[in-house]
Amino acid sequence: MIVSNRVASPRERAAKAGGLAVALREALGKHGGLWFGWSGETQVDPPDTPKVFRSGRVTYALLTLDPDDQRAHYAGYANGSLWPLCHYRLGSLSFRRSEWEGYRRVNEHFARALRPLLRPDDIVWVHDYHFIPLAAELRKLGFEGRIGYFHHIPWPTPEVFLSLPSHAALVQDLSHYDLVGLQTEHDVRALLTYISSEVRGWIAPGGVVGLRERRFRVAAFPIGIDADAFVADAQASVGSEEEERLSASLAGRQLAVGVDRLDYSKGLPGKFAAFGELLSRYPEHRSKVTMMQIAPVSRGEVAEYRALRRELEELAGAINGEYAEFDWVPLRYLNRPFQRATLAAIYRNARLGMVTPLRDGMNLVAKEYVAAQNPEDPGVLILSRFAGAADELSGAVLVNPYDVEGMAEAAHAALAMPLDERRARWQANWEKVHTNTIHTWCETFIHELVNAIDHFDSPGEPPGEGRRG
C-alpha cells in the first residue's frame, strides 16, 4: 500500500522529468499494489472515502481534500516550511501554526480514509514530507502492521532542522514508523545526530533508534531508475523523427542539456550564468555549443517561483542577446515537459549533461542521462556535489553550484575531454545506475521493512528497553 501526495495516473500521457511520481509508477508496475494519494480535487466537506479504480496491476485510491486544508497542507506547511528547510533555504522558510494544524488535519483525513482499506498483514509504504505524521495517525486508529517511510528530499543537519518550530513533534511522528529510509548516509547521520543530541534518543548498531517507548530503524536507500527501460528508449531513438529533428536543428554543434523542475533548489540561475561564463571566457565554444534547458513549471501559483521564472527568462534573453548569431541561438529554454522517449533522444545526443542543483535528495535526471548514453561515444555528466547522486556517480565531474566560474571551467574541460576518459567515467557511472535500479530499491526497502523487528532485537539494544508491542 503506497501513499504519496502526487499520484501518476495511468491516464496521464506526459512523463515528468524524473521525480517521485514516475519512480513509484515504475515500481508498482512491476510489483502491483494499491496507490493512495490526493485526487488533485478540492471540495468543502469532502467525503471520507476515496475514489477507487484499477489499471493493470495497480489499484488507485484518490482522496478529495477541503480547499483550505489543502492550501495549508501543501502550499503552506509542506512547501512553505519543510521544502525550504530541507533544501537549506532558511530565508524562504515560513511557519504559521494554522498551516501546521492544517498539515496535521490532512494527515488525519488520509489516515481515516486509508484505515478501512488495510488488512492486518498489509505493508504500508509512505512517501515524502507531505505525510510524516501519517503513521502516528494510523497507530491511533489501531493499525499495528508494518509502516515504512521514505524521505525523497535531503534531511537537514541538526543546526538547520532546529530552525523549524515543530521539529521535535515531527521526529516523534517518525518514531511511529518501523523503518525510515533516507537517500544518503549523510542524511542518515544528520537525523541520527539530531535524535541523539536534541531529543535524547539512543542509537544502536544498524541505525536502530529508541525514542521514548518507540523503536524504529533509520537507513539509507538511494533510489534508482528503470535503467534497462531507459537504455531501450535511448537505443530506439536512434534514427527516430525526434533525433533527426534535433540533429538538424543543431547543425553539427555540441549539445549541453539540463532537465529540471522550475524550482529554486535546482540552481538554474547559476547554471545559466555558468553557460554565459563559458562563452565569455572560452570564445572557441561560440557557435559550437548549444545549451538546452528543459524546466517544466512547478508551483506556478507561488510568488517566489514566478519570480524565478522571470529571472531565468531575463538571463536567457541576455545570453542570447549577447552571443547569438543569425544561424545560432546559444540557449534554448523550454518550460514544458516531454515524453520519456523524447528525453532519451535528447540525452543520448548531448555531449554534456548539466545537473547542478543547490541541494537535491538524489536527482534521477543524472541517472537517466547516464543510462541514455552511447557506450562507444558517451557524453560527460557535470554534477553538483550537493546532489545525493554524487555519492554514487564517481565518474561525474563534480562541481560546486555556487561557483559559476568553476562550473564554466568544468564545462570547458568536459567539452575537450578525450574519448578514453569519457568512456572510463561513463563506465563507472553505469555500473552504479545498472546495479541500483528502481526495482532493487523497492525490493530492498520492502525486505528491510518486513524484517525490521529483527533489527530491534539486536544485541546493541540498551538493557531494560522493551520493543514495540
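Me: Is Lys271 buried or exposed?
Reply: A residue counts as buried when its relative accessible area is under 20%. For Lys271 the relative accessible area is 0%, so Lys271 is buried.

Me: Which residue's side chain is joined to that of Lys271 by a polar contact of 3.0 Å?
Reply: Leaving aside residues up to four places away in sequence, Lys271 touches Gly258, Asp260, Met291, Gln293, Met354, Thr356 and Met407. Within that list, the side chain that makes the polar contact of 3.0 Å with the side chain of Lys271 belongs to Gln293.

Me: How are helix H8 and helix H13 oriented to each other, roughly parallel or oblique?
Reply: The axes of helix H8 (residues 227-236) and helix H13 (residues 364-372) come within 8 Å and cross at roughly 55°. That angle makes H8 oblique to H13. The contact is made by Ala227, Phe230, Val231 and Ala234 on the H8 side, and by Glu368, Ala371 and Ala372 on the H13 side. With H8 passing H13 in a right-handed crossing, the orientation asked for is oblique.

Me: Over which residues does pLDDT stay under 50, with 14 contacts beyond four places in sequence?
Reply: The chain averages a pLDDT of 92, and 93% of the residues score at least 70. Where pLDDT is low, the predicted coordinates should not be read in detail. That caution concerns stretches where pLDDT stays under 50, each with 14 such contacts in the model, namely residues 13-19 and residues 463-469.

Technical notes: Residues numbered from 1 in each chain as written. Predicted model: local features only at pLDDT ≥ 70, side-chain atom pairs only at ≥ 80, totals over all residues. Heavy atoms only, no water. pLDDT = per-residue confidence, 0-100. Contact = heavy atoms within 4.5 Å. Buried < 20%, exposed > 50% of the residue type's maximum accessible area, 1.4 Å probe, protein only. Polar contact = N/O pair within 3.5 Å; in protein donor to acceptor, adjacent residues only side chain to side chain. Axes fitted to C-alpha atoms, helices over the stretch in contact; angles between N-to-C directions. Helix = DSSP H or I, 4+ residues; strand = E, 2+ residues; numbered from the N terminus. Parallel < 35°, antiparallel > 145°, perpendicular 65-115°, else oblique. Left-handed = near helix turned anticlockwise from the far one by under 90°.
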